[in-house]
Amino acid sequence: MILKIVKFPDPVLSRPAEPVTEFDDDLRRLITNMFETTYAEQGVGLAAPQVGVSKRLVTIDLSVGKVPEDRLVLINPEIIWSEGRVYLEEGCLSFPDIREKVVRAAKVRVRAQDEHGKWFEMDGENLLARCFQHEIDHVDGMVFLFRMSALKRDLNQRKIRKMQRAGEW
Ligand code: NI
């Protein structure tokens with residue numbers, strides 16, 4: 001089932017999400033729906049708050065549904081190590097039509113639980129590292145608008161307000 005994506009400035013996006021404690025069928029259904037929603041939007045990652053669910057759950061698939069092994073589910077994730085800095089453009093499904101350069105660590109190590117509650121660690125670099133950081137920000141109540149320079153943030157906030165007034169947001 002394709003879920004409705006919540007757009008900025010919905011308050012669910014600015015609130016730290018609740019830890020996942022139940023690894024049940026409801027959770028697995030939500031995960032399946034989050035992947036379906038991401039593919040429908042041609043995205044690579046999604047965090048549960050973006051579908052209005054304030055839980056610490058992230059789904060990532062850099063292949064956009066083409067390679068089943070690329071499906072990553074991160075539950076209660078945290079970044080436990082990072083290295084380097086990269087300044088690159090990124091986007092967010094909660095900010096349609098906005099792409100902006102943001103500084104991220106070049107490499108990160110993530111600790112998370114899988115859909116059965118088992119803890120694991122995983123390293124990522126390049127796009128995967130960026131995706132980990134962007135999506136984990138979401139479960140912490142942080143959106144990429146607030147990772148931009150003050151100038152770019154103001155410009156984009158103005159653009160959003162303009163689109164809202166025009167009924168395009
Ligand atoms: Ni996002």
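Biologist: Which residues coordinate the nickel ion?

Modeller: The nickel ion is held by Cys92 through SG, by His134 through NE2 and by His138 through NE2, at 2.1 to 2.2 Å, where donors are N, O and S atoms within 2.8 Å of the metal (3.2 Å for Na, K and Ca), and sites may look incomplete because water is not among the atoms. Bear in mind that this is a predicted model, in which local features need pLDDT of at least 70, side-chain atom pairs count only at pLDDT 80 or more, and totals for chains, interfaces and linings use all residues. Residues are numbered from 1 along each chain as its sequence is written, and side-chain values use heavy atoms, with hydrogens and water left out.

Biologist: How are those donor residues spaced in sequence?

Modeller: The spacing of the nickel donors is C-x41-H-x3-H. Cys92 sits in the loop between E4 and strand E5 (99–104) and His138 in helix H2, so this pair ties together parts that are 46 residues apart in sequence; helices (H or I, at least four residues) and strands (E, at least two) are DSSP runs, numbered from the N terminus.

Biologist: Is Cys92 buried or exposed?

Modeller: Cys92 is buried, at a relative accessible area of 10%, and His138 also counts as buried, at 1%. Buried means under 20% relative accessible area, exposed over 50%, and partly exposed in between, with a 1.4 Å probe and protein chains only.

Biologist: Switching to pockets, how much space lies in the largest pocket?

Modeller: About 380 Å³, a volume being the space filled by probe spheres set on grid points that are joined across faces, edges and corners. On a 1 Å grid over the protein atoms alone, a pocket is an open set of points with protein on both sides within 12 Å along at least five of seven lines, whereas a cavity is a set where a 1.4 Å probe fits but cannot get out, and lining residues have an atom within 4 Å of a point.

Biologist: Which residues do ring pairs link into a cluster?

Modeller: Phe8, Phe95, Phe144, Phe146 and Trp169 are linked in that way. The peptide bond from Phe8 to Pro9 is cis, with omega near 5 degrees, and Pro9 lies in the segment before helix H1 (25–40).

Biologist: What about Asn76, where is it placed?

Modeller: Asn76 is in strand E3, with a positive phi near 50 degrees in a residue other than glycine, and at 11% relative accessibility Asn76 counts as buried.

Definitions and conventions
Rings of Phe, Tyr and Trp (its six-membered ring) pair if their centres lie within 6.5 Å; planes under 30 degrees apart count as stacked, over 60 as edge-to-face and the rest as tilted.
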